[in-house]
Amino acid sequence: MAAIDCSTVTALVSACSTFITYGAPDPIPGSPCCDAVVGLNSIADSIDNRRSVCRCLMGLIATYNPNATAIATLPGFCGISLGFNLDPNTDCNLVDGAASNE
């Protein structure tokens, strides 16, 4: 019963589309891209929501391949942790509510 729709995640990540597509310019805290990543973090406010965001992001990683690594670097550039690693091998069912230091 995911409360988060992937269209919300996609809309937020789209603020970073130039970086995801071209690898530049690097997002910085306070930029529209990082504001969107912070927004992702704020909607991932429970274990179920965090897992939903994870699943949506994994779908985007598959869609944007071979630029998937750009998506994975967004939290680091923006100075936040989503509580899980953005990696194609991440099992979103194992994501818990605790934020991790990457």
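This report walks through the helix packing and the nonpolar core of a predicted model.

Let's start with helix 4, which covers residues 47-64. Its 18 residues, at 1.5 Å a residue, should span 26 Å, and the C-alpha atoms at its ends are 25 Å apart, so the two values agree.

## Where helix 3 meets helix 5

Two of those partners also pack against each other: the axes of helix 3 and helix 5 lie 10 Å apart, at an angle of about 95 degrees. Angles of 65 to 115 degrees count as roughly perpendicular, and helix 3 and helix 5 are therefore roughly perpendicular to each other.

On the helix 3 side, the contact is made by Cys-33, Cys-34 and Val-37, while helix 5 brings Leu-74, Pro-75, Phe-77 and Cys-78. By class, this contact has seven nonpolar residues, with no polar and no charged ones.

## The largest nonpolar core

The largest nonpolar core holds 28 residues, and those touching the most other members are Val-9, Val-53, Leu-57, Phe-84 and Leu-86. Helix 1, helix 2 (17-22), helix 3, helix 4 and helix 5 each give two or more residues to this core. Helix 4 gives the most, with seven residues.

Definitions and conventions: Residues numbered from 1 in each chain as written. Predicted model: local features only at pLDDT ≥ 70, side-chain atom pairs only at ≥ 80, totals over all residues. Heavy atoms only, no water. Helix = DSSP H or I, 4+ residues; strand = E, 2+ residues; numbered from the N terminus. Expected span 1.5 Å × (residues − 1). Axes fitted to C-alpha atoms, helices over the stretch in contact; angles between N-to-C directions. Parallel < 35°, antiparallel > 145°, perpendicular 65-115°, else oblique. Contact = heavy atoms within 4.5 Å. Nonpolar A, V, L, I, M, F, W, Y, C, P; charged D, E, K, R; others polar. Core = buried A, V, L, I, M, F, W, Y, C linked by side-chain atoms within 4.5 Å. Buried < 20%, exposed > 50% of the residue type's maximum accessible area, 1.4 Å probe, protein only.
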